[in-house]
Amino acid sequence: MNERAKQQHKLRVGVIFGGRSGEHDVSLQSAQSVLAALDPAKYEVIPIGITRTGRWLSGDPLTALLARTAAQPATLLPDPGANDLLALELDNAQPAGLTTISQLDVVIPVLHGTYGEDGTVQGLLELANLPYVGAGVVGSAVGMDKAIFKQVMAAAGIPVLPWRLVLATAWTADPEGVLDELEAAFHYPVFVKPANLGSSVGISRCDDRARLRRGLAEAARFDRRLVVEQGADIRELEVAVLGNEQPSASIVGEIRPRRAFYDYVAKYVSDDSELLIPAPLDPDVAAEVRRMAVAAYQAIDCAGLGRVDLMLDRRTGALYMNEINTMPGFTRISMYPKLWEASGVAYGDLLDRLIDLALARHAVKNRLVTDFSVEDG
Ligand SMILES: Nc1ncnc2c1ncn2[C@@H]1O[C@H](COP(=O)(O)OP(=O)(O)OP(=O)(O)O)[C@@H](O)[C@H]1O
Ligand SMILES: [Mg+2]
């Protein structure tokens with residue numbers, strides 16, 4: 001039987017947004033679109049906000065976070081079974097009591113970046129045994145970590161640009177030695193990226209040794225682990241993937257940044273990058289892009305949704321996997337929903353599909369044996 005049909009009441013959907021990452025504001029924008037699109041005839045929507053410092057809020061948290069005002073402190077316990085979103089009563093800033101606000105049937109973590117898209121919130125939802133939209137702990141964590149992601153791609157036979165991992169400790173201990181090694185391995189330009197951030201934060205394009213030195217120092221402010229990657233003259237292609245074990249890929253889109261590269265300003269401030277849907281590609285290249293997108297998605301055990309970003313080398317025509325965003329921007333004008341819209345799936349229907357996928361995955365998981373033990377004698 002369909003999981004949804006078992007519900008006697010409207011499905012109670014917790015939508016979590018905000019959070020501690022640099023993409024807090026992007027999350028609020030995505031959540032605004034999601035909250036507006038969830039059909040009130042089908043769903044009882046329970047908004048859950050997380051402040052920049054990590055405090056959970058209920059009530060009207062979107063307004064509170066946008067206006068930076070107070071809202072009801074809330075929390076979710078890791079105990080499986082209860083599924084309660086709880087109001088946290090405070091007395092002189094100390095926890096003084098818990099009361100149930102609502103039970104949750106499924107959660108949509110509309111969180112981008114660290115402490116949201118990286119498996120951490122997913123871990124809490126696993127402990128609580130709550131169904132949730134999107135990749136699980138491993139898929140989220142691998143999607144977030146640019147270095148581990150590239151290693152998984154290599155193991156799956158999916159090409160990535162040449163790259164090296166540099167530990168911030170190694171860089172600090174011997175900067176000139178690290179620069180010598182990198183200059184022997186790559187030609188300029190090279191890109192330096194913190195392994196675990198998104199939205200181009202801390203990323204530099206480096207055209208000479210002095211800039212590479214500055215780029216490494218900059219990235220080391222954000223992460224212990226730095227990815228150094230061969231720069232190439234590339235076209236940026238994106239595919240929206242939807243599904244659990246048998247995912248489908250949308251048509252291919254292309255981003256033409258107007259700035260030197262698709263950095264934070266291009267993504268969220270200047271907003272003048274051009275989105276081409278579909279990307280102007282030969283049909284066989286587009287088919288290969290979609291094949292690679294699904295293969296990468298499956299290789300990291302992604303689930304629900306993922307926006308898969310690839311690079312096409314303008315000079316050689318080679319395709320390289322760049323990354324999977326396991327909770328991509330989800331406003332109505334974001335690439336992920338636009339790619340599906342152009343592939344025949346409307347924004348509201350996409351949310352219905354994602355919720356169904358979350359419930360289906362949870363049902364499969366709960367049928368698995370997890371407490372195997374050997375009896376004596
Ligand atoms: N090796 C490269 N060669 C040329 N351009 C690159 C290279 N790596 C990154 N770029 C440019 O920098 C941008 C940001 O890099 P990347 O996509 O790896 O990180 P990110 O965008 O921070 O991650 P996320 O998409 O998760 O937010 C790319 O969109 C592209 O414009
Ligand atoms: Mg990117």
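1. In this predicted model, seven strands make up an open sheet, whose order is 6-5-4-3-2-1-7 and whose pairing is mixed. Strand 6 (94–103) and strand 7 are the edge strands, each of them pairing on one side only.

2. Strand 1 (residues 11–18) runs parallel to strand 2 (residues 43–50), and 8 bridges join the pair; within it, Val15 is found opposite Pro47 of strand 2. Strand 5 (residues 84–91) and strand 6, by contrast, pair in the antiparallel sense over 8 bridges, and here Leu86 has Thr100 of strand 6 as its bridge partner. Strand 5 and strand 6 also form a hairpin in which 2 residues lie between the strands, and Asn92, in the turn, has a positive phi of about 55°.

3. Helix 1 (residues 24–37) lies across strand 1, strand 2 and strand 7, and its direction makes an angle of about 155° with strand 1. Helix 3 (residues 120–127) lies across strand 3 (56–58), strand 4 (72–76) and strand 7, and runs at about 170° to strand 7.

4. When neighbours within four places in sequence are left aside, Ser33 is in contact with Phe330, Thr331, Arg332 and Tyr347.

5. A second open sheet consists of 4 strands in the order 8-11-9-10, and its pairing is antiparallel. Strand 8 (163–167) and strand 10 (204–206) stand at the edges with a single partner strand each, so that one side of each has no neighbour in the sheet. The twist from one strand to the next averages 25°. Inside this arrangement, strand 9 (residues 190–194) and strand 11 (residues 225–230) are joined in the antiparallel sense over 5 bridges, with Phe191 standing opposite Glu229 of strand 11.

6. Which helices lie across strand 9 and strand 11? One is helix 5 (residues 146–155), which lies across strand 8, strand 9 and strand 11 and runs at about 55° to strand 11. Another is helix 8 (residues 209–220), which lies across strand 9, strand 10 and strand 11, with an angle of about 15° to strand 9.

7. The next matter is the empty space inside the model. Rolling a probe the size of a water molecule over the atoms shows where such space is left. A search of the whole structure finds 2 cavities of 30 Å³ or more, and the largest cavity has a volume of about 50 Å³. Its lining is formed by Val34, Ile108, Val110, Val133, Leu305, Met327, Phe330, Leu351 and Leu354, and by class these residues divide into 9 nonpolar, no polar and no charged. Strand 7 (106–110) and helix 12 (347–366) each supply at least two residues of this lining.

8. The second largest cavity holds about 40 Å³ of space. What classes of residue make up the lining of the second largest cavity? There are 4 nonpolar, 5 polar and 1 charged residues, and the lining residues are Pro109, Gly116, Glu117, Gln122, Val133, Gly134, Ala135, Ser140, Thr326 and Met327. A student comparing the two lists will find Val133 and Met327 in the lining of the largest cavity and again in that of the second largest cavity.

Technical notes: Residues are numbered from 1 along each chain as its sequence is written. Chains are lettered from A and ligands numbered from 1 in the order in which they are written. This is a predicted model: local features need pLDDT of at least 70, side-chain atom pairs count only at pLDDT 80 or more; totals for chains, interfaces and linings use all residues. Side-chain values use heavy atoms; hydrogens and water are left out. Two strands pair if DSSP finds at least two bridges between them. Axes are lines fitted to C-alpha atoms, for helices over the stretch in contact, and angles run from 0 to 180 degrees between N-to-C directions. Contact means heavy atoms within 4.5 Å. On a 1 Å grid over the protein atoms alone, a cavity is a set of points where a 1.4 Å probe fits but cannot get out, and a pocket is an open set with protein on both sides within 12 Å along at least five of seven lines; lining residues have an atom within 4 Å of a point. Grid points are joined across faces, edges and corners, and a volume is the space filled by probe spheres set on the points. Ala, Val, Leu, Ile, Met, Phe, Trp, Tyr, Cys and Pro count as nonpolar, Asp, Glu, Lys and Arg as charged, and the others, Gly among them, as polar.
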